[in-house]
Amino acid sequence: MIDRRRFLSRALALPLIGASTAVYAVGVEPNLILQVKRYSLTPARWAAGLTLRLAVMSDIHAGEPFMGAARIRRICEAVNALDPDVVLLLGDFNAGHFFVTRAVDAQQIGEALSVLRAPLGCYSVLGNHDWAHGPLLTSPFDGAEAIRRALRQAGIKVLENDAAPLMKDGQKFWIVGLGDQLVDATGWEGWIDGKTGQDDLHGALAKVSDRAPIILMAHEPMIFSSVPKRVALTLCGHTHGGQINLPLLGPIVGDLRFGPDLVYGHFESDERHLIVSGGLGESVAPVRLLRPPEIVEIVLGATDASRAEWVGW
Ligand SMILES: [Fe+2]
């Protein structure tokens with residue numbers, strides 16, 4: 001009798017655990033949690049004595065009902081509360097899946113982002129979803145013109161194979177932004193047929209006219225293997241940190257084509273540093289598990305240990 005009861009309770013527990021995990025992954029984690037993921041590091045190529053606080057937003061993937069303009073604005077206010085010196089946006093503003101009931105267009109995205117405040121300014125690169133289509137996956141290609149214009153109107157400088165010099169406490173550093181690596185200038189995903197995207201790392205770095213430290217923004221992390229030691233820190237998004245991370249199996253969504261090594265977090269190789277953000281929105285489906293939406297705070301030139309903080313709303 002006891003064995004039978006035990007058997008029945010175990011038989012019921014498994015589907016209950018599965019159902020509650022599904023409810024959490026669909027209803028709670030992608031929509032009700034915002035993580036502030038903090039890193040603190042001093043790369044070898046950073047300027048001695050210069051402390052810089054960066055706030056990073058990536059992969060917003062706007063679209064109702066999951067990522068409307070009001071939610072984007074609330075995330076921006078959380079970014080402002082970090083009191084960053086600079087805000088960096090790593091691309092993929094447009095929707096990334098078909099479960100969107102109403103588009104959030106480029107102008108609405110720009111209006112929401114216009115609340116961002118940082119004394120040294122806001123800078124952005126564009127992602128594959130900004131190049132391949134408009135606000136919805138089915139929207140026509142426009143050469144990313146609408147989102148580029150909306151960002152500029154919001155006071156955000158768009159860097160596509162370009163470099164911007166900045167100054168803090170009398171010390172100079174550079175923000176360099178790379179063109180998208182996956183989609184070519186016609187909206188075709190060039191990576192599929194072995195052609196390259198629009199990235200020109202050599203040309204972008206050639207615009208850096210002195211030996212001041214460089215922070216490189218690139219939507220996809222596969223560029224990291226080509227980044228020279230000259231770059232102090234490379235910042236990427238695109239992978240959504242795997243988006244769905246199953247115990248034992250690891251990440252199963254997000255773009256894993258470039259190997260599991262660069263999916264999420266802080267990597268150091270040969271004096272070069274890379275931080276990959278898990279992003280804010282989703283692709284494929286509006287589901288996240290064990291990789292909640294995050295904004296990233298990076299303090300360069302300080303010595304505190306990294307820590308993550310969870311914010312529910
Ligand atoms: Fe993305």
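Where does histidine 240 lie? You will find His240 in the loop between β9 (233-236) and β10 (245-246). Keep in mind as you read on that this is a predicted model. Here are my notes, point by point.

1. **The iron site.** Four protein donors surround the iron ion, namely Asp59 (OD), His61 (NE2), Asp92 (OD) and His240 (NE2), and they lie 2.0 to 2.3 Å from it. Read along the chain, the donors follow the spacing D-x1-H-x30-D-x147-H. His61 sits in the loop between β2 and α2, while Asp92 sits in the loop between β3 and α3, so this pair ties together parts that are 31 residues apart in sequence.

2. **Geometry at the metal.** Why is the arrangement around the iron ion irregular? The 4 donor atoms subtend angles of 87 to 174 degrees.

3. The cut-off for buried is under 20% relative accessible area.

4. **Backbone details worth a look.** His240 has a phi near 55 degrees, which is a positive value in a residue other than glycine. Leu290 is likewise not a glycine, yet has a positive phi of about 60 degrees. Leu290 belongs to the loop between β13 (272-276) and β14 (294-300) and counts as partly exposed, at 46% relative accessibility. Pro65 lies in the loop between β2 and α2.

5. **The largest nonpolar core.** In the largest nonpolar core there are 38 residues, and those with the most contacts inside it are Met57, Ile60, Ile72, Phe93, Leu113, Leu116 and Ile295. Elements giving two or more residues to this core include β1 (33-41), β2 (52-57), α2 (69-81) and α3 (106-113). Which element gives the most? That is α2, with 5 residues. As a reminder, nonpolar side chains tend to be buried together in soluble globular proteins.

6. **The six-stranded sheet.** An open sheet is formed by 6 strands in the order β6-β7-β8-β9-β13-β12, with mixed pairing. Its edge strands are β6 (162-168) and β12 (265-269), each pairing on one side only. Ignoring direction, neighbouring strands of this sheet are turned by 20 degrees against each other on average.

7. **Pairings inside that sheet.** β6 and β7 pair in the antiparallel sense over 7 bridges, and Leu166 stands opposite Phe173 in β7. Their hairpin has 2 residues between the strands, and Asp169 takes a positive phi near 50 degrees there. β7 (residues 171-177) also pairs with β8 (residues 214-217), in the parallel sense over 4 bridges.

8. **Strand β1.** Because 9 of its 9 residues are buried, β1 is largely enclosed by the rest of the structure. Both faces are covered: Ile33, Gln35, Lys37, Tyr39 and Leu41 are buried on one side, and Leu34, Val36, Arg38 and Ser40 on the other. β1 and β14 run parallel and are joined by 7 bridges, with Glu294 of β14 as the bridge partner of Gln35.

9. **A surface residue.** Lys195 is found in the loop between β7 and α6 (201-206). At 52% relative accessibility, Lys195 counts as exposed. Lys195 and Ala285 are 90 residues apart in sequence and 28 Å apart in space, C-alpha to C-alpha.

Methods:
Residues are numbered from 1 along each chain as its sequence is written. This is a predicted model: local features need pLDDT of at least 70, side-chain atom pairs count only at pLDDT 80 or more; totals for chains, interfaces and linings use all residues. Side-chain values use heavy atoms; hydrogens and water are left out. A nonpolar core is a set of buried Ala, Val, Leu, Ile, Met, Phe, Trp, Tyr and Cys residues joined through side-chain atoms within 4.5 Å. Buried means under 20% relative accessible area, exposed over 50%, partly exposed in between (1.4 Å probe, protein chains only). Donors are N, O and S atoms within 2.8 Å of the metal (3.2 Å for Na, K and Ca); water is not among the atoms, so sites may look incomplete. Four donors count as tetrahedral if all angles lie between 85 and 135 degrees; four count as square planar and six as octahedral if opposite donors are over 155 degrees apart and all others between 65 and 115; anything else is irregular. Two strands pair if DSSP finds at least two bridges between them. Axes are lines fitted to C-alpha atoms, for helices over the stretch in contact, and angles run from 0 to 180 degrees between N-to-C directions.
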